[in-house]
Amino acid sequence: VAVVGRGMLGSPCARRLAEAGSSVLLVGQGEPDDRRTHQGVFASHHDDTRITRVIDPDPTRALLGQRALGTFRRLQAATGERILAEVGHLWVAPPEEVDLLGAADARFDLGCTRHDADGLRDAYPDLSFPDGLDGIHQGDGAGHLDPRAYVRAEAAACQAAGGTVIDALVGAVVEQGAHVELDTSAGTFTADRVVLATGPFFAHGDTPAATLGLTVGTHTMLHAELPQHETDRLAGLPSLIVKPSDEDRHCFVLPPNRRPDGAVVVKIGVSHQGRHLTATQIGDWFRSDGDLHVASHQLELLRDLLPGLEVTTTSTVPCVTTYTSSGHPVIDGLTDRVSALLGGNGYAAKCAPTLGELAAGRLLGETWPTDLDRALFAHAPG
């Protein structure tokens, strides 16, 4: 089996296949040395913080996240990669939405703490939220994860199980009778089966995924660098999702995190609906600084959430989310020999091991889990 795409979904799929005894090739481009001049494909996992949690208003997403947590921890112990920072997660929203999150808490016995508006003010004196909102906090198993570390760990585990990992750009995936031919920048390879886990670049090159009707949302991530006294003040901050009734003020916040260059930053982002964009347009977006007008709005939201916040400097990074019509990834066949593992829908990071393993299990002939609706992950032509 060849898995095309070395990101957060393709990597666990390849690792699981290798562990099951399959002959596996995991192939895809790594992180560009300079994204502004890079002419290949990009991946949104080239980032050091993503929110991780089990609580979710969607029961399927909550289940996937709960099952992923054990794999994150096992890989962290086995490889020494620091994947998880279990600093907790706080979701703030209208009471009826927090009720849905409470259902996930009860289902998985997470030990969450719920707050009304007064309770939020008492528990989080450094934070200021819009009126009329409740909050729910998950401690163990929540906080943020390092996507780069996770992908490194999965690749190491794949190789340890006998898989081969190649850094190369795949330009074509074409069925040739009893096998599939992959044309890559490292040469031509053949496989009995191929899994396409190519993220927003599903339409890149000549592959059966090019006709999928997926959309992409372009996002601008604002990184606010903190002086030392703010780093100290906000040291206990959990990851945050804030969803007031005004959708224009929805946001998610990653707590202070030290980058490889030594700077400590808080990251804030907002989500946007998907559009039909070409691979060329997506590449242009990744080479840009994102939308600076949106970044200005995000800085305003961050200052509203953290009154008196002092920031040394700010920077922006472009990101992309791939959406499907079902709201869940396509884990299904595209042809007799080529299948898809595509469409993170903004939640794939926290569920990545489970999603990759579902795609691998499908190829291995394993029974689809009875507590997951198979139809949600099916390929619907057109």
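**Burial, helices and sheets**

Colleague: Is Y150 buried or exposed?

Modeller: The relative accessibility of Y150 is 0%. This is a predicted model: local features need pLDDT of at least 70, side-chain atom pairs count only at pLDDT 80 or more, and totals for chains, interfaces and linings use all residues. Residues are numbered from 1 along each chain as its sequence is written, and side-chain values use heavy atoms, with hydrogens and water left out. Because buried means under 20% relative accessible area, exposed over 50% and partly exposed in between (1.4 Å probe, protein chains only), Y150 is buried.

Colleague: How many aromatic pairs does the structure hold?

Modeller: Rings of Phe, Tyr and Trp (its six-membered ring) pair if their centres lie within 6.5 Å; planes under 30 degrees apart count as stacked, over 60 as edge-to-face and the rest as tilted. Ring pairs link F42, F201 and F286 into a cluster. The number of aromatic pairs in the structure is 5.

Colleague: Which kind of pair do the rings of F72 and Y150 form?

Modeller: The ring centres of F72 and Y150 are 5.1 Å apart, with the planes at 75°. This pair links distant parts of the chain, 78 residues apart, with F72 in helix α2 and Y150 in helix α5. F72 has 0% relative accessibility and therefore counts as buried. Because of its plane angle, the pair is edge-to-face.

Colleague: How far apart are the end C-alpha atoms of helix α5?

Modeller: Helices (H or I, at least four residues) and strands (E, at least two) are DSSP runs, numbered from the N terminus, and α5 covers residues 147–160. The expected span is 1.5 Å times one less than the number of residues, so the 14 residues of α5 should span 20 Å. The distance between the end C-alpha atoms agrees, at 20 Å.

Colleague: Which residue caps the N-terminal end of α5?

Modeller: At the other end, α5 is followed by G162, whose phi is positive, near 105°. At the N-terminal end, a side-chain oxygen lies 3.0 Å from the backbone nitrogen of R148. That oxygen belongs to D146.

Colleague: Against which elements do the buried residues of α5 pack?

Modeller: The buried residues of α5 include A149, Y150, V151 and A153. Contact means heavy atoms within 4.5 Å. The buried residues of α5 pack against α1, β3, α2, β8, β9 and α9.

Colleague: Which residue of β17 stands opposite N257?

Modeller: Strand β16 (residues 251–258) and strand β17 (residues 264–269) pair in the antiparallel sense over 5 bridges. The residue opposite N257 is V265.

Colleague: With which side chain does that of T218 make a polar contact?

Modeller: T218 is found in strand β14, and its relative accessible area of 13% makes it buried. Among the residues that T218 touches, not counting those up to four places away in sequence, are H272, R275 and W285. A polar contact is a pair of N or O atoms within 3.5 Å; within protein, one must be able to donate a hydrogen and the other to accept it, and residues adjacent in sequence count only if both atoms are side-chain atoms. At 3.3 Å, the partner of T218 is R275.

Colleague: Which residue in the turn between β10 and β11 has a positive phi?

Modeller: β10 (residues 170–176) and β11 (residues 179–184) pair in the antiparallel sense over 6 bridges. They form a hairpin with 2 residues between them. The turn residue with a positive phi, about 70°, is G177.

Terms used:
Two strands pair if DSSP finds at least two bridges between them.
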